Structures are given as structure tokens and as C-alpha cells.
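Dear colleague,

Here is the structure I said I would pass on. My notes on its salt bridges follow below.

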Amino acid sequence: MSSNKLNSVLARNTINAPKSIGPYSQTVAFSHYNNLSAQLPIDPKSGELVAGGVKEQALQCFKNIKAIVESIDHVMSDVVRITVFVTNIKDIDAIDEVYKTFFSTYVPTRTIVAVAALPMNALVQIEALVSNGEGTIPNAPQAGNLIKLTNNTANAPISPLSSQTVSFSHYNNLSAQLPIDPKTGRLITGGVKEQAGQCLKNIKAILESIDVPFDDIVKINIFLKNLSDIEAVNEVYTTFFPDSAIARAVAYLPARTVIAASALPMHALVQIEAVVSHGDGTPPQAIEDRHGIVIKAKNTENAPKNSLSTQTVAFSHYNHISGQLPLNPKTDEIVAGGVKEQAGQCLKNIETILESIGHTKDDIVKVNIFLKNIEDIDAVDQVYTTFFPTGIPARRTIGVLALPKDALIQIDVVAANAEGTPPKA
């Protein structure tokens, strides 16, 4: 295959949206998705937070997203997933009023989580994942104009403000699932174990409604009100994964990140988000271009291992990397030093994982940083720029109440996979 037939990583910025407050790009496209950096309520002209409360801030976040989306010749209905980070969960109603003005008919999938802190002391930060129908193969038309498919089933909780799943190209992006009983629309009774089970049941119901097996999940994000609940959640988790005989035979588990939320909608104790492979793709495409693409899961001894997740799971043109803690892979202990040393170790672990699958850090399109202290971002950036001197990946930074093993930082990434994962031989 000649190099001009390969998908390329395409980073873009516009003066109509705020200049990034760190070494990252506003949007990075690869294959059929645009990965946008999380947008803060910054006025692009002044570079400062807008005046006003959470409504004004939410409006500015969405205006910034819209400016970026329009600068790459897309429209807001190309948004596949919205993630809303707030510092006060009670602000959601006010944010929803603004949200509705940007998505009046079509609604994307959505995740809402309250976090401990946001950059610049913002009250809200909003992130978008956007389809990219034209793809990123230089000078080459793509396989027809791919279509976006939304789906809702009565067997899972329905919301007027989000779709349960939106498919585009070879991925299904699901709204984060709360422990809601779909029949009553209320939180189920019980503790965190029962709630985790309901979240996973809801995900399973959504996948069954689109004829996708549970083991096609490539990445799971678990948001916990109390990080100490992770062991109880893991007990339930292992009853769902692996789901099929085939997956059990290879002990397949998706990539995973665990995040401590300061609060979740409806006072839930847990919320679970899934990114799912979609072998059939969204036509029009030639049958041979879209059937039987395989999931490739890989662990390397040179990076920290976790019995409940795979370090990297590739499907089609993307690699999903599990959240990396600053662990020395030989000792499985947190490295000595402060946040700089810890950030360096997280990034080294990610680089090691990527090298184990024949990739480099230049293939990273999106970085998600979780900080115990949001004030540490400047120190982290000193290390970060040594790994990403061009500032190419898109990025999201949030402050969290706690991290596993009392770490100061956790990082996960999404990386390009130019070669794709071919159909089964």
C-alpha cells in the first residue's frame, strides 16, 4: 500500500475558537472521526473566561465547539458524543437549557459527570467527538458518504436529551449508563453492586437492540462516586466480562479507565460508558470493506498489567489504551518523586504499550489527563511537552477527588491505527 493511500493524522486550529491553554490542538482528525479538545468557557478574543454564571459558561463552551466544527466544514449534527464536566452537579439543568438550543432535533450520545476541579476554575467544560465522513486519506475519496445511525430501545433508559447509541463508520458510541431501571425511569434499589449490575445490563440491552455482542466493547470508562467502591464493582464486572465462550477462551477484556467523580446524575454511585466496535460499519460501503474486522487486544510485560483490563484494544483505525497510572512495571508500585515524575511514568507506560503494537507516540490523537490537584497542570506540561513537542494530540484535563493507589495523575489515550484491523482470514 503506498503511503498516500494511508490515513493521516490531521491536526487543525481556528482563530474563531480559543487558542489552547496548553500544548495541544483544538481538533485532531484520523480516519472517520474528529477528536476535539475539551472546550473551556473562554472568550476567543480575550483568552479569558466569559463573565456570568454556569449558563453563560456553557453557552461559550458550545460556541467554541461550534466554531471548531464549522472551521473543518462540519455541522453540529455531525457531533456523535458530548461529554459535560461540571463542578456542581446541580448546574446540569441550567446547562441543559443551553444544550437544547444546539441540538434541537438530533441528539448525540452524552455523558455527564461532576468533577473536583476544572482548568482556570471553570464551572463547566464540554467535549465533543465528531464524525468525519470524508476520512483522512490524502487525495483519496472515501467509501461513499457514510451515514450516522442513532438508536434507542425501550429496554434501556431513554432520555429526550441524548441517544442511547450513535454509530458512525466502525464504532458505536454509547451514552454513559446510569443504574436506572428502564421500566420505572428511577435508580434501582440497593448499593453499588446492584447499581453497577444495572449499568452493565443497560449497556447490554442497548447492544442487543442493535445486534452487537457484548464482547464487541473495546473501551469501558467507570465513573465512581467513591473510589473505594471499585472492588465491589469489579466483583460484578467479572460476571459480565468476558461474555461469550470465544472471549473467555482468549480471556478478552476491554481497555478500561476508572475515574473518581465528585457527583453523578440522580445521586448515582456509579456510571459506566462504553465504546463499541461496529464490524458492519455504516454503509454505503462495499461488503468486503466492512465485514469481519477483528478486535486486536494486546498486553506487554514492559508496562503495568491489570487482570481486569487489556492495555490496548485496537479495532479498525483506532487503538484504545487503558488508563495508565504512574506505576513502575517491574514493581507495580508508584514511582518515587512528585507529579512530574509520575506524569513521565504514565507517558512512558503509554509509549511502551504503543511500541509493543508497532506504533509511536506520534500516532496519539487524543490524551485524557486526570489530576489529583488541578494546579499541577503546569508541572505536568513541562514533562508533557517533551513527549509532544508539536502539541498535536487533542486533550482533556480534569481534576478528580482521588486516583487508584493514591496516584497524583492518570492518563489514557486514543491512538491512530493506520493499518486497521483486517478481516478474519
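Asp-332 has a relative accessible area of 31%, so Asp-332 is partly exposed (buried means under 20% relative accessible area, exposed over 50%, partly exposed in between, with a 1.4 Å probe and protein chains only). Its salt-bridge partner is Lys-405, with the closest N and O atoms 3.9 Å apart (a salt bridge is a side-chain nitrogen of Lys or Arg within 4 Å of a carboxyl oxygen of Asp or Glu). This pair links distant parts of the chain, 73 residues apart: Lys-405 is in the loop between strand 21 and strand 22 (409-416), and Asp-332 in the loop between strand 18 (327-328) and strand 19 (333-334). Helices (H or I, at least four residues) and strands (E, at least two) are DSSP runs, numbered from the N terminus. Lys-405 is also partly exposed, at 47% relative accessibility.

The model is predicted: local features need pLDDT of at least 70, side-chain atom pairs count only at pLDDT 80 or more, and totals for chains, interfaces and linings use all residues. Residues are numbered from 1 along each chain as its sequence is written, and side-chain values use heavy atoms, with hydrogens and water left out.

The whole structure holds twelve salt bridges. One of them joins Glu-127 to Lys-366 at 2.9 Å, N to O. Glu-127 lies in strand 6 (residues 124-131) and Lys-366 in strand 20 (residues 364-371), so this contact ties together parts 239 residues apart in sequence. Glu-127 is buried at 4% relative accessibility, and Lys-366 is buried at 5%.

Glu-127 also bridges to Arg-396, again with 2.9 Å between the closest N and O atoms. Arg-396 sits in strand 21 (residues 394-399), 269 residues from Glu-127, and both residues are buried.

Regards
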